[in-house]
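Student: I am new to this structure and would like to work through it step by step. May we proceed by question and answer?

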Amino acid sequence: MKRFFIAAAGGIATGVLVSTQVAAPLLAQESSRPASVYEQLDLFGDIFERIRAQYVEEVDEGKLIEAAIDGMLTSLDPHSSYLSPDDAANMRVQTRGEFGGLGIEVTQEDGFVKVVSPMDGTPAAEAGVEAGDFITHVDGESLLGLTLDDAVEMMRGPVGSEIVITVVREGEAEPFDISIIRDTIKLTAVRARTEGKTVVLRVTTFNDQTYPNLEESLAKEVEAAGGVDNINGVVLDLRNNPGGLLTQAIKVSDAFLEKGEIVSTRGRAPEDGERYNATAGDLIEGKPMVVLINGGSASASEIVSGALQDHRRAVVVGTKSFGKGSVQTVMPLRGDGAMRLTTARYYTPSGRSIQSLGISPDIVVAQPPRAPETEDEEETSISRRNRSEADLRGALSNDSLSEDEIRQIEAEQEQAEESAKLRDEDYQLAYAIDILKGYSALKP
């Protein structure tokens, strides 16, 4: 069966090294080990029988075993877990880019469910769920003490049904409720648009469609601009991107790199390590790049931003990323279930492990909260922006410019005003675009 590699997932290689010099000590260690292990297994069997025979209500034996397996895996780290046959099937669907749910990537912290990031265009994003939110209750029922899988299961339900989650958010004095209507989540992995002369590539997840979407949408924007020479660069927006498939993170990085290492993984044994390198070819032929990240950028997003940062291929702008630098390998099990096991850490080309540290941006730019203007303030600001020398009674005309030159200046002024509007809507993106404008202004 096929193995899936999630986020920064790499393969597992196992081997046995036999040597006459160490055989005796190894045998001595093994002889003392089985007794305690088998005693623990006997203890597990005793407890299982007691529960099955004496628990106040009749129990599902299969679910008991699954809970024991999941408890063993979740005790290792927040990302290792058992996937029941249904969960394993759902995961395979998610990697293809379509699934049912709310549209949030979550982890567990301090016993509560923490939102890594809401996915663009999903019910959770539209309802106002934000990266860093803690979900404490679902439909009034506390999540404290539940495993992450159990909490996620509570948030699942039929498409079209309503769910009310209770959220604790930094900066908010009290918890508050958010109502969400469940829906089928169809992820568009990459959305592209052009702002002025800058192509903005918004990557929402890393699934099987990510690189094909990116290549196709970028080509369309470049063609619409009249060729790569007519754009001043690319903004790769990875904000609130929770990650996904390692293979896609490598392909997206390789799309803008000519050579060099993209990422490496290191497991418990040295021979388990893997190294992935770029191949020749840059989709934008060396044009400047800015990568946008924030606290919701995790895993595969951090691979891409770390690779482009280390190779000085892009300026990384925003706030520190999530810091998930571990490799999960999904291994099929008998009965159509699977085991998601952390098998390695991944490292950026410079050898940095970003586990728990994240990627630090080259330029820290926070997204300021939007403060609504009153009608009087809005009218005053508009009047101030629009008044100029040309509005004064009896002002001299400009006789040094042709009509075509005047029209060009007016068009440039309109673009500048559009940029100002974007700064109000998305300050971080506007900042990234301004950086690329600066590059263009310095070119000969």
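Student: Which residues of helix 11 are buried?

Tutor: The model is a predicted one. Helix 11 has 16 residues and spans 23 Å from its first C-alpha to its last, close to the 22 Å expected. An α-helix has 3.6 residues a turn, so residues three or four places apart point the same way. The buried residues of this helix are Gln428, Leu429, Ala430, Ala432, Ile433, Ile435 and Leu436.

Student: Which residue forms a salt bridge with arginine 423, and where does that partner lie?

Tutor: Side chains of opposite charge can pair when their charged atoms come close. Arginine 423 meets its partner at 2.9 Å, N to O, and that partner is aspartate 434. Arginine 423 belongs to helix 10 (residues 403-425) and aspartate 434 to helix 11 (residues 427-442), so the pair ties together parts that are 11 residues apart in sequence. The partner is therefore aspartate 434, in helix 11.

Student: Is aspartate 434 buried or partly exposed?

Tutor: A residue counts as buried under 20% relative accessible area and as exposed over 50%. Arginine 423 has a relative accessible area of 33%, so that residue is partly exposed. Aspartate 434 has 30% relative accessibility, and therefore the answer for this residue is partly exposed.

Student: How many residues apart are aspartate 237 and arginine 202?

Tutor: Aspartate 237 and arginine 202 form a salt bridge whose closest N and O atoms are 3.6 Å apart. Aspartate 237 is in strand 13 (residues 233-237), while arginine 202 is in strand 12 (residues 198-203). The pair thus links distant parts of the chain, with a separation of 35 residues.

Student: Does aspartate 237 count as buried or exposed?

Tutor: The cut-off for a buried residue is under 20% relative accessible area. Arginine 202, at 10%, counts as buried. Aspartate 237 has 5% relative accessibility, and so this residue counts as buried.

Student: Which residue meets aspartate 282 in a salt bridge?

Tutor: Aspartate 282 lies in the loop between strand 15 (274-277) and strand 16 (289-293), and its partner lies in the loop between helix 8 (300-310) and strand 17 (315-318), so the pair ties together parts that are 31 residues apart in sequence. Both residues of the pair are buried. Their side chains meet at 2.9 Å, N to O, and the partner is arginine 313.

Student: Which residue of strand 17 stands opposite leucine 292?

Tutor: Strand 16 runs parallel to strand 13, with 4 bridges joining them, and valine 235 stands opposite valine 290. Strand 16 also runs parallel to strand 17, again with 4 bridges. Strand 16, helix 8 and strand 17 make a right-handed β-α-β unit. In strand 17, the residue opposite leucine 292 is valine 317.

Student: What percentage of the residues of the protein chain count as buried?

Tutor: The protein chain has 11 helices and 20 strands. Of its 444 residues, the share that counts as buried is 39%.

Conventions. Residues are numbered from 1 along each chain as its sequence is written. This is a predicted model: local features need pLDDT of at least 70, side-chain atom pairs count only at pLDDT 80 or more; totals for chains, interfaces and linings use all residues. Side-chain values use heavy atoms; hydrogens and water are left out. A salt bridge is a side-chain nitrogen of Lys or Arg within 4 Å of a carboxyl oxygen of Asp or Glu. Helices (H or I, at least four residues) and strands (E, at least two) are DSSP runs, numbered from the N terminus. Buried means under 20% relative accessible area, exposed over 50%, partly exposed in between (1.4 Å probe, protein chains only). The expected span of a helix is 1.5 Å times one less than its number of residues. Two strands pair if DSSP finds at least two bridges between them. A crossover is right-handed if, with the strands pointing away from the viewer, the path from the first strand over the helix to the second runs clockwise.
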